Structure formats: C-alpha cells, structure tokens
Amino acid sequence: MRILVVEDEKKVARFIQQGLEEELYAVDVAHDGEKGLQMATAENYDLLILDVMLPKMSGLDLIKAVRAKHKTTPTLILTAKTTTEDKVAGLDSGADDYLTKPFAFEELLARVRSLLRRGAQEKSTLLRVSNLELDTVTHKAKRNGKSIDLTAKEYSLLEYFMRNRDRVLSRTIISEHIWDYNFDTGTNIIDVYVNHLRNKVDEGFEPKLIHTVRGVGYVMKEG
Ligand code: CA
C-alpha cells in the first residue's frame, strides 16, 4: 500500500516516513500543500496523511481540493490543535480521521490500518483468501496453517493482491501501489517479484491463487 505524507517539518516527515517504511508501506513525502496536492491528484495513493499547518496551502484546503476532484483516497490529518472546533473543521473538510500531535507512533499505525480497511470487505487485521492468511500487524503469512517467509516487497505485493482479490491488476497499477515515486517502471521487476511470490504462496498448495491474465497483468482468485 502506498502512502503520501504531507508535512513541512522535515524531521517529523522523516520520522513518519521511516516508521511507515519499516511497516512495509511505500511512502512519498511532500513538504508544502501545493506540492502535496499535485502529487495527491497525479498519483494513485491508498492513503494520505496531511499536516494541517502547511506552507502555500493548508492541509484542510488540500483535502477539499482533492475531494473536489472526486478522489476518495482515505485521509488522516495530523493537527497540533486540540479544540473541538478544529477537529470538526478537519472532518468537515473531507478527512476521514485525525490524530493530535504529539502522537504515539503505534496509534498512527493503528489508524493507518483502520483507514486502509475502510471500504474493503475485511474488517479485521487478518486478510484471508481461501486457505491463505496474512496478518497485517505481524506481517506473517500462513497457507494451510504452514508459515511462509516473505521479504518486505513480497509482503507488500501479497497484501495488495489480497485486498484486491478477484480484481485484475495491471503491472502499472501494481507498481503505483507497491513502489514509491522513485521506482523505474521500465523494468520487468514486477513479473520477477510476482514469480517469487507465486513460488512461495502457490507452489505445493491448492487451489492456485495468483493467476496471470495474458496481456494485462495478474489476479488473485480461487481457481
Ligand atoms: Ca506544519
């Protein structure tokens, strides 16, 4: 899952980016509201994390502008303000949730997981497709009760497949949600990763779950 963080305090931005990357999310950062809006509308993010007080354009104006373009990307605002009015203004601008600074990183992560579940069928931290299970908190995968060791990127790819089961995913869509801005899409790296993942997840198990859709991409489905 790919997240955009818009935060002008570089130390805080780096802290959030690092923490999210350690949890295997792909993360891009913008340091002002205008750049943030440009990135939020040009790319397909799974989640936006916005500071409210930003140079050039506030976080609230940013989210209003994103919503005006009919983008429903789940959005969490970070606010140093703690009055009820400020929280109401944040939610009314189109944000889905807010977190007051300073915050515990564990709470940020829990809110991120909760927002990523919204609109999805899964309301639990455990994703399931057939006899394959993926725990989005511990990042552990099991098939038929047997543990599967995954690298960081394999985990991200599997999480994305499982959250989008039965949906055909093109290589472009996959790259947009799994890799950050610096990813070079001109390579066959996605096929390489999908093949590695398929060897671990499907080899020796039934039913096969990762299927190639010729000329398009991949789909995760039962049979
Ligand atoms: Ca700020």
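Biologist: Why does Asp51 count as buried?

Modeller: Asp51 has 5% relative accessibility, and buried means under 20% relative accessible area, exposed over 50%, and partly exposed in between (1.4 Å probe, protein chains only), so Asp51 counts as buried. Before we go on: this is a predicted model, where local features need pLDDT of at least 70 and side-chain atom pairs count only at pLDDT 80 or more, while totals for chains, interfaces and linings use all residues. Residues are numbered from 1 along each chain as its sequence is written, and side-chain values use heavy atoms, with hydrogens and water left out.

Biologist: What makes Asp8 partly exposed?

Modeller: The relative accessible area of Asp8 is 27%, so Asp8 is partly exposed.

Biologist: How do you know which atoms coordinate the calcium ion?

Modeller: Donors are N, O and S atoms within 2.8 Å of the metal (3.2 Å for Na, K and Ca); water is not among the atoms, so sites may look incomplete. Asp8 (OD), Asp51 (OD) and Met53 (O) coordinate the calcium ion at 2.1 to 2.3 Å, so they qualify as donors. Along the chain, the donors have the spacing D-x42-D-x1-M. Asp8 sits in the loop between S1 and helix H1 (10-22), and Asp51 in strand S3, so the pair ties together parts that are 43 residues apart in sequence.

Biologist: Why are S1 and S3 called paired strands?

Modeller: Strands (E, at least two residues) and helices (H or I, at least four) are DSSP runs, numbered from the N terminus, and two strands pair if DSSP finds at least two bridges between them. Strand S1 (residues 2-6) and strand S3 (residues 47-51) have four bridges in the parallel sense, so they pair. Val6 stands opposite Leu50 in S3.

Biologist: What makes S2 and S5 edge strands?

Modeller: The open sheet runs S2-S1-S3-S4-S5 with parallel pairing. Strand S2 (26-30) and strand S5 (97-100) each have a single partner strand, so one side of each is left without a neighbour in the sheet.

Biologist: And how do you know that S7 and S8 pair?

Modeller: Three bridges join strand S7 (residues 132-135) to strand S8 (residues 141-143), and the two run antiparallel. Glu133 stands opposite Lys142 in S8. Both strands belong to an open, antiparallel sheet of four strands in the order S6-S7-S8-S9. Strand S6 (126-129) and strand S9 (146-148) stand at its edges, each with a single partner strand, so one side of each is left without a neighbour in the sheet.
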